[in-house]
Amino acid sequence: MPAGLFRALLTVAGAVAAIVLAIGISSVAIVAVGASPADAFAAFLNFGATEKAVSTSIADMLNRAVTLFIAGLAVAIGFRMNLFNIGVEGQYRIAAICAAFVGSTFVAPAPIQITVIIIVAAAAGGLYALIPAVMKVTRGVNEVISTIMLNYIAINLAAFLVRGPFAGERAEGQLTTSTPVLPESAWFPNVNALLEMFGLPAPRGDGLWGFLIVAILLGVGIWLVLERTRFGFEVKASGLNAPAALASGVDPKRMVISAMVLSGAVAGLIGLPEILGDEHAFGSNFTPGLGFLGIAVALLGRNKPAGIAVAALLFGFLDRAQGPLQFADVPPSVITIMQGTIVLLVVIANEITSRIALRREERRAAQALGRNTPVEVAA
Amino acid sequence: MLSKRFGRLATGTLAGAMLMAAAACGGSGSGGETTASTAPSADSSSAPAGGALKVGLAFDIGGRGDKSFNDAAYAGLEKAKAELGAEIKELSPASDGSNRGELLTQLADAGYNPIIGVGFAYGEDIKKAAEEYPEIQFAVVDSASNATNVTGLLFAEEQGSYLAGVAAALKAESGHVGFVGGVENDLIKKFQAGFEAGVKSVKSDAKIDVTYLTPDGDFTGFRAPDKGKVAAEKMYQDGAEIVYHASGDSGLGVFQAAAAAKKKAIGVDSDQRQTVKETNLQEVIMTSMLKRVDVGVFEFVKAFQGGAKGGTDVIYDLKVDGVGLSTTGGEIDDIADKIEAAQKDIVDGKITVPTKP
């Protein structure tokens, strides 16, 4: 069996084992709170009784997965070169409120309007990520610390902007605040047609967010950049061995800045599916915490776009069960327990599978050299 | 392939990030408690049985188990179950609140009618759901009606606060009292306006300290006991004898400050002398301004059963006992006649309590 195929199979086997084990551990937790695991797992698969409900559930799951996928991508870009961009949380909130506000100040034909909003979001996220990048290359400030601190600044700055300078009109008696509502040309059309292709009726509410298409294109684009360009190679090389990369002519400062800014620019898009597809404004009900969830999704997806897509779908699938679990009288905290155990177990499984692969490689090398003792080889 | 060091660092970072996220959510978890008495109803989806009353209720983030506002809503739901024979279901959203709308849709698809959203955060989601399901009646607590099949359940907080102000002024010998508001928005300003009017009606020269924990739009002021404590400590040091709080979970800090200063405080929403766990804090709660969300929820369900339709706001005031003062501990028993007199004047329309300070 070729080494590549063996490794791929091993990875899949490791992930499956981790998920099975996670289901086992979660079952213990479910029993401990006095509910039935069978009910819980039935609830995860209960997408509703009517076709309309099933379609709505699928749209909810995919919508959630779209935002998590973008969040995972943003984190993964930094992770690929050992840059821990914990600041995705702050970057996407600043970007979301800037994009929502700028988008509400003018009216243009839909394609232009939406493109401008996307560019503003990416620019805001990228610029905000530039701060820790510059601090790192000029003063050696650890990006973990600086991005965490910048998160607090971003979160509070966004909270201030939404009730102050960027606040929109409020209806009489309304207590929540939000930016002005975007003109209709900025409302991203839904892609319910995708569900209808499978014979499902259109889902309720805002339907399947059209940003799904943008996310897929973004995923393909990031894959191309990381795997098929010189820049992607340099990112990888800097991550695997920074001194070796430097010796072969990669400028580490340039790499830190470009990787960080790219990560921040992608982070800037995290809030857009919700703003363009559903809320049409940035308000006090805007979903927080996606940046942190993105870390988990990126780890689960092993920092590869395809893996991140699978991880985001898994998280979306689990998150969707919030309601059905409560209908089945199972505490929905089970979801968080499952997500946590899956991520931890997958990290462990990755470690084990890479060791197995390494040992196999060592044996093969030893055989090839006709020696009895294993030979050290690089992973 | 990434180095092992990376894996370890990443795991550590993730664990750290999760810890922070957990700390940020501090105690607002446990949203999913369910009652053993609730019959499972996952399968009773499509057409509801003729005449069966199925009431759905959706909490806001971390709502269930607050021993106050949200639990009061649930008490009303349970009363509807006991007295009206309703089948009930209550749902809590994910900790990031990303699925409020989904919960309403799921309740509607499972045949629940009417459906109640607890808290003003549901205003927009209820409106969307109401447009999607015109045949279902919705209600939202603390937010105005915004569709023809939505009933706004509002409370005359200023009237209850007026009585709290009367009680505080009668009990504070120096005439110096305080008010701690959670978030400086129109809702909490109603509490302040009523309280001030009540105090002034007894002692026109009374000194009233007013502090808001966070500005309008920043809702962290409702769950910041540390800020509540600092604000109340300042008032007690300046000579305030009684502090009234309208700040949700932050009120705990006000009670702590009162206990430390050996002075009194006034609770809000529910009878906090009963609901606060710490016995040393119970003693400082002279009375509480009751906001009977349970009455609101129950009366809405009852009215629905009687065929009432939405599109309007229902205001629960002193006349219908929608607001009032608690008497647990008997500390205001000696001034009960004066409070009753003030209450009668409001109900009879002799006193109109302002809603803006």
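In what order do the strands of the open sheet of six strands in chain B stand? I looked this up and read S7-S6-S8-S9-S10-S12, with mixed pairing. Strands here are DSSP runs of E of at least two residues, helices are runs of H or I of at least four residues, and both are numbered from the N terminus. Two strands pair if DSSP finds at least two bridges between them.

I noted that the model is predicted: local features need pLDDT of at least 70, side-chain atom pairs count only at pLDDT 80 or more, and totals for chains, interfaces and linings use all residues. Residues are numbered from 1 along each chain as its sequence is written, while chains are lettered from A and ligands numbered from 1 in the order in which they are written.

Entry: I then followed S8 (residues 242-246) and S9 (residues 264-269) of chain B, which pair in the parallel sense over three bridges. B:Ile242 is opposite B:Lys264 in S9(B). Helix H8 (residues 251-261) of chain B packs on the sheet and touches S6 (176-183), S8, S9 and S10 (285-291) of chain B. The direction of H8 makes about 165° with that of S9(B). Contact means C-beta atoms, placed from the backbone, within 7 Å; axes are lines fitted to C-alpha atoms, for helices over the stretch in contact, and angles run from 0 to 180 degrees between N-to-C directions.

Entry: strand S1 of chain B. I found four of the five residues of S1 (residues 54-58) buried, so the strand is largely enclosed by the rest of the structure. Buried means 20 or more other C-beta atoms within 10 Å of a residue's own, with C-beta atoms placed from the backbone. S1(B) pairs in the parallel sense with S2 (residues 87-91) of chain B over five bridges, and B:Ala58 has B:Leu91 as its bridge partner in S2(B). S1(B) also pairs in the parallel sense with S3 (residues 115-117) of chain B, over three bridges. There B:Leu57 stands opposite B:Ile116.

Entry: domains of chain B. I took the bounds from an automatic or database domain assignment: domain 1 is 54-155 + 295-304 + 309-316, and domain 2 is 157-291 + 327-347. Their centres, taken over C-alpha atoms, are separated by 28 Å. Seven residues of domain 1 and eight residues of domain 2 make the contact.

Note on methods. Buried ≥ 20, exposed ≤ 12 C-beta atoms within 10 Å, placed from the backbone. Contact = placed C-beta atoms within 7 Å.
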